[in-house]
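Good morning, everyone, and thank you for making time for this.

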Amino acid sequence: MTQSTPGPWEVTNGAVYAQGVSIATMNRTPGNGTRPVERDANARLIAKAPEMRRLLAELVNMGTCARCGASPREYDETCPECDARALL
């Protein structure tokens, strides 16, 4: 799995925090093209990224590669789907 900021991520006042450090801030300037409810929904979606990534990795690693047939523990460097699976 590639490196990312460890979860859990939390939302406070339109900003996403990981271990107390702001990692994403939604533009809350009036007239920027999004409503507050949309900005807050975007922040909550971003905050779920670590959990979604973990679940996706579990799902992907349950079976063989649909393209080349490699098992979850195998890797075919010529297969684009194995490359994508390796990123998780």
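Let me start with a term: helices (H or I, at least four residues) and strands (E, at least two) are DSSP runs, numbered from the N terminus.

A word of caution comes next. This is a predicted model, in which local features need pLDDT of at least 70 and side-chain atom pairs count only at pLDDT 80 or more, while totals for chains, interfaces and linings use all residues. Residues are numbered from 1 along each chain as its sequence is written, and side-chain values use heavy atoms, with hydrogens and water left out.

Now to the salt bridges, by which I mean a side-chain nitrogen of Lys or Arg within 4 Å of a carboxyl oxygen of Asp or Glu. How many salt bridges does the structure hold? There are 3. One of them joins E58 and R54, whose closest N and O atoms are 2.7 Å apart; both residues lie in helix α2, 4 residues apart, which is about one turn of the helix. Another links the side chains of K48 and E51 at 3.7 Å, N to O, and R35 meets E38 at 3.8 Å, again N to O.
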